[in-house]
Amino acid sequence: MKFQILYSFFLKSTALLFSGVVLLPLSSCKSFSSNKENQIQVWLTKGDESIKLQQQKPVSFLNFSNNIQNIEIDDTQKFQSIDGFGFTLTGGSVEVINRLSSEKRKTLLQELFGNEENSISVSYLRLSIGASDLDSEVFSYNDLPKGETDVSLSKFSLERDKDLIAMLKEILAINPKIKIIAAPWSPPVWMKSNGSTIGGSLKTEYYDIYAKYFVKYIQGMQKEGITIDAITPQNEPLHPGNNPSLLMVSDQQRDFIKQSLGPIFKSNNIKTKIIVYDHNCNKPEYAINILNDAEANQYIDGSAFHLYEGDISALSTVHDAHPNKNLYFTEQWTGAKGTFKEDLNWHTKNVVIGSMRNWSKIALEWNLANDSEFKPHTPGGCTECKGAITVLDKENFAKNVGYYIIAHASKFVPANSQRIASTQTENLATVAFKTPEGKTVLIVQNNNKSDESFNIKYNQKTALLIIAGSSVATYIF
């Protein structure tokens, strides 16, 4: 009878709804506990932008059952460990962040990478090896006059990345444990079949030289105190129309790895992981084809994906074919024409929750920062990619939807957390983690336009909540 009264009160009283969570008065339930260990922290972002990553009043576990939909968490079922969440630090990102005043720049980097209360604790970065299409201009580390070659790589230089390297050193001073993956958009043009920064293929006679190019990059960064944890042989190898870009079909990448990259990494004692593919979820067979080759397989840590085509379940397709290999979600862009509500919900559901539920160790959005005109970019590069941060002028920057998509995970799920089991409902997408400190973190995305009431059920305890329509919440307990 007590429960029926409480349940009726819950359903009928709008006073119970406060900023997306349910607040139960002490007088309504004797099993309410103010013990902090029995409380759930709630952080909310609403699709209508009225609340952005704001902490709500805590909710307590209650000792009763009801007929509301459940999200059940089972920490006895453990899955992949997590390396981190973050963005690509493009050359363009560095350029615009450096336009900020010294104090404002320091504030931004601390907010992005620090562990303070107002920081979002980004724990993983992606870099381009040479220019990406979100640099001001195209370059490699071994550019030569037309017709010249440099098979000894004697003219190799990281000088064009000096500003990026300087910023990475600042980031590492804030978070020395941040992990980095790097990918080239194109080799030096003298190694390519068409002699252009756009398209073409890597000439087979330069396989060994290009492998040594990777070695020089990794060793050069290490001399600067920057450890490259992983590389992919090519960003978006099936998209040769970007500037810069390269066509590298699956058989070519397989042969490059097994004939040159893998053996040359081994002979140079390079511990950096080799991760294949780094392109869309519509072609899981690209990665599987390479992993099926025993000679190539021995050098490969896993495969990487984007989601401009296909379905996020492609990661599980590859996992099921090669369960001993890791998965990485390395890029998804938010665009100039997208809305905050649509992007918040689609990206949280697919990039963060979806990639994690399909075995990814990381979830990365695309570029970290650009200006209000979505610059800089190369001629022919992306003209609508919206950074997580827009640098407005010397003293001001704006936080865009990408910032909040990643923050709902990065702020609460540190590296070396482990995904644990969580159920989903028709409208609520979920993923759960156990942190190294033993906290449980649950991310929920409400795909319904209307508010959804639900229970968190964990270790025979129940917490009754409401999440606002088209919103994202992170729960920590």
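Start by selecting residues 389–393, strand S17, together with S18: the two pair in the antiparallel sense over four bridges. (Strands here are DSSP runs of E, at least two residues long, and helices are runs of H or I, at least four residues, all numbered from the N terminus; two strands pair if DSSP finds at least two bridges between them.) Click on Asp393 and you'll find its bridge partner, Asn396, in S18.

Before moving on, some housekeeping. This is a predicted model, so local features need pLDDT of at least 70 and side-chain atom pairs count only at pLDDT 80 or more, while totals for chains, interfaces and linings use all residues. Residues are numbered from 1 along each chain as its sequence is written, and side-chain values use heavy atoms, with hydrogens and water left out.

You have an open sheet of three strands in the order S15-S17-S18, with mixed pairing. S15 (369–371) and S18 (396–399) are the edge strands, each pairing on one side only. From one strand to the next, the twist averages 30°. (Angles run from 0 to 180 degrees between N-to-C directions, with axes as lines fitted to C-alpha atoms, for helices over the stretch in contact.)

**Next stop: the nine-stranded sheet**

Colour the strands S4-S3-S24-S21-S20-S19-S5-S22-S23: in that order they make an open sheet of nine strands with mixed pairing. S4 (54–60) and S23 (461–467) stand at the edges with a single partner strand each, so one side of each has no neighbour in the sheet. Ignoring direction, neighbouring strands here are turned by 30° against each other on average.

At one end, look at S3 and S4, which run antiparallel and are joined by five bridges. Ile40 has Val59 in S4 as its bridge partner.

Keep that sheet on screen and show H11. The helix packs on the sheet, touching S3, S21 (440–446) and S24 (471–476), and its direction makes about 170° with that of S3.

Then go to S19, residues 418–422. Four of its five residues are buried, so this strand too is largely enclosed by the rest of the structure. S5 (residues 70–81) pairs with S19 in the antiparallel sense over four bridges, and Lys78 stands opposite Ile420 in S19. S20 (residues 428–434) also pairs with S19 in the antiparallel sense, over three bridges; here Arg419 has Phe433 as its bridge partner.

**A single buried residue**

Select Ala182, in strand S8 (residues 179–184). With 1% relative accessibility, Ala182 counts as buried. Leaving aside neighbours within four places in sequence, its contacts include Leu127, Ile129, Tyr217 and Ile228.

**Last stop: the empty space**

Rolling a probe the size of a water molecule over the atoms shows where empty space is left. (On a 1 Å grid over the protein atoms alone, a cavity is a set of points where a 1.4 Å probe fits but cannot get out, and a pocket is an open set with protein on both sides within 12 Å along at least five of seven lines; lining residues have an atom within 4 Å of a point. Grid points are joined across faces, edges and corners, and a volume is the space filled by probe spheres set on the points.)

The largest pocket holds about 860 Å³ of space. Its lining has 33 residues, with Asn115, Ser121, Ser410, Pro414 and Ala415 nearest the centre. S3 (39–46) and S8 are the elements that give two or more residues to that lining.

How many cavities of 30 Å³ or more does a search of the whole structure find? One, and the space in the largest cavity is about 30 Å³. Residues lining the largest cavity include Phe87, Trp333, Trp366 and Gly402. Strand S14 (residues 360–367) gives the largest share of the lining, three residues.

Notes:
Buried < 20%, exposed > 50% of the residue type's maximum accessible area, 1.4 Å probe, protein only. Contact = heavy atoms within 4.5 Å.
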